[in-house]
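The following note concerns helix packing and nonpolar cores. Please read the points beside the sequence and the coordinates.

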Amino acid sequence: MDELPGLGPLNAESTASIIARRLRTAIMYGSLPPGGQLNEVELAARFGVSRGPLREAMQRLVQEGLLRSVRNRGLFVVTLTPDDVRDIYIARRAVERAAVSLILPRDGAGAAGRLGEVHRQMREAAARADYPALSDADLRFHEVLVAASKSPRLMRMHGTLLVESRMCMTALQSTYRLPDEVVTEHGALVDGLLEADEERLFRLIDAHMQDALLRLIPAGASG
């Protein structure tokens with residue numbers, strides 16, 4: 001059979017995709033800190049790759065808004081301004097509300113079951129006062145929630161937002177609420193799915209995003 005454009009054999013994940021994923025993780029957890037410049041020679045040596053796939057990977061992150069290009073200087077990890085943070089949480093609110101609207105008519109109980117497992121991990125992290133593990137489980141909870149929508153576009157948008165959210169939460173850990181409060185809040189989301197209560201879920205999502213903004217951004221801050 002003749003090969004048709006766009007319908008050739010599937011390939012394994014490309015080197016550039018693997019590098020991009022690792023760079024996202026490094027940005028997410030601060031190994032590549034906000035404002036930091038990426039050194040091509042050092043990164044190519046660290047990954048054991050040529051500069052071609054590394055540059056491709058970095059350009060993907062430029063397109064995603066995680067890196068910025070400065071003419072004649074190179075690539076830098078973005079530094080999120082208060083306006084950026086507001087925009088991230090406005091977008092997350094919209095995506096997660098849309099996800100809930102898709103989940104409830106299909107399989108709210110099934111989604112609640114999957115989220116219940118992540119909620120258990122949150123309880124365990126809270127019991128040992130492990131704040132990094134708790135914030136990771138917090139984001140994983142929301143990732144599983146959006147994945148349950150089965151919308152590739154919502155998941156794709158949410159993936160970049162979660163990287164940016166984790167960057168925010170590195171700063172947020174110093175003002176993180178009591179672990180029991182975080183666990184209770186996410187438990188309410190599981191209950192809302194079990195009860196198929198869309199309005200309650202919307203209120204809980206709105207409150208979650210607003211609370212994060214209040215703790216991340218000082219009153220009146222802009223820019």
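**Note on helix packing and cores**

1. Helix 4 and helix 8 cross in a right-handed manner (the near helix is turned clockwise from the far one by less than a right angle). Helices are DSSP runs of H or I with at least four residues, numbered from the N terminus. The model is predicted: local features need pLDDT of at least 70 and side-chain atom pairs pLDDT 80 or more, whereas totals for chains, interfaces and linings use all residues. Residues are numbered from 1 along each chain as its sequence is written, and side-chain values use heavy atoms, without hydrogens or water.

2. The axes of helix 4 (residues 82–127) and helix 8 (residues 198–216) are 10 Å apart, at an angle of about 165°. Axes are lines fitted to C-alpha atoms, for helices over the stretch in contact, and angles between N-to-C directions run from 0 to 180 degrees. The two helices are therefore roughly antiparallel (over 145 degrees).

3. Contact (heavy atoms within 4.5 Å) between these helices involves residues including Tyr 89, Arg 93 and Val 100 of helix 4 and Phe 202, Asp 206 and Met 209 of helix 8. The contact residues comprise eleven nonpolar, two polar and seven charged. Here Ala, Val, Leu, Ile, Met, Phe, Trp, Tyr, Cys and Pro count as nonpolar, Asp, Glu, Lys and Arg as charged, and the others, Gly among them, as polar.

4. The largest nonpolar core contains 41 residues, and Tyr 89, Val 100 and Leu 193 are among those with the most contacts inside it. Such a core is a set of buried Ala, Val, Leu, Ile, Met, Phe, Trp, Tyr and Cys residues joined through side-chain atoms within 4.5 Å; buried means under 20% relative accessible area, with a 1.4 Å probe and protein chains only. Helix 4 is the largest contributor to this core, with 15 residues. A separate core of 21 residues includes Ile 27 and Leu 54.

5. His 119 is located in helix 4 and is buried, at a relative accessible area of 11%. Beyond its neighbours within four places in sequence, His 119 contacts Phe 141, Val 183, His 186 and Gly 187.

6. Helix 1 (residues 15–28) and helix 3 (residues 51–64) have axes that come within 8 Å and cross at roughly 55°.

Terms used: Parallel < 35°, antiparallel > 145°, perpendicular 65-115°, else oblique. Buried < 20%, exposed > 50% of the residue type's maximum accessible area, 1.4 Å probe, protein only.
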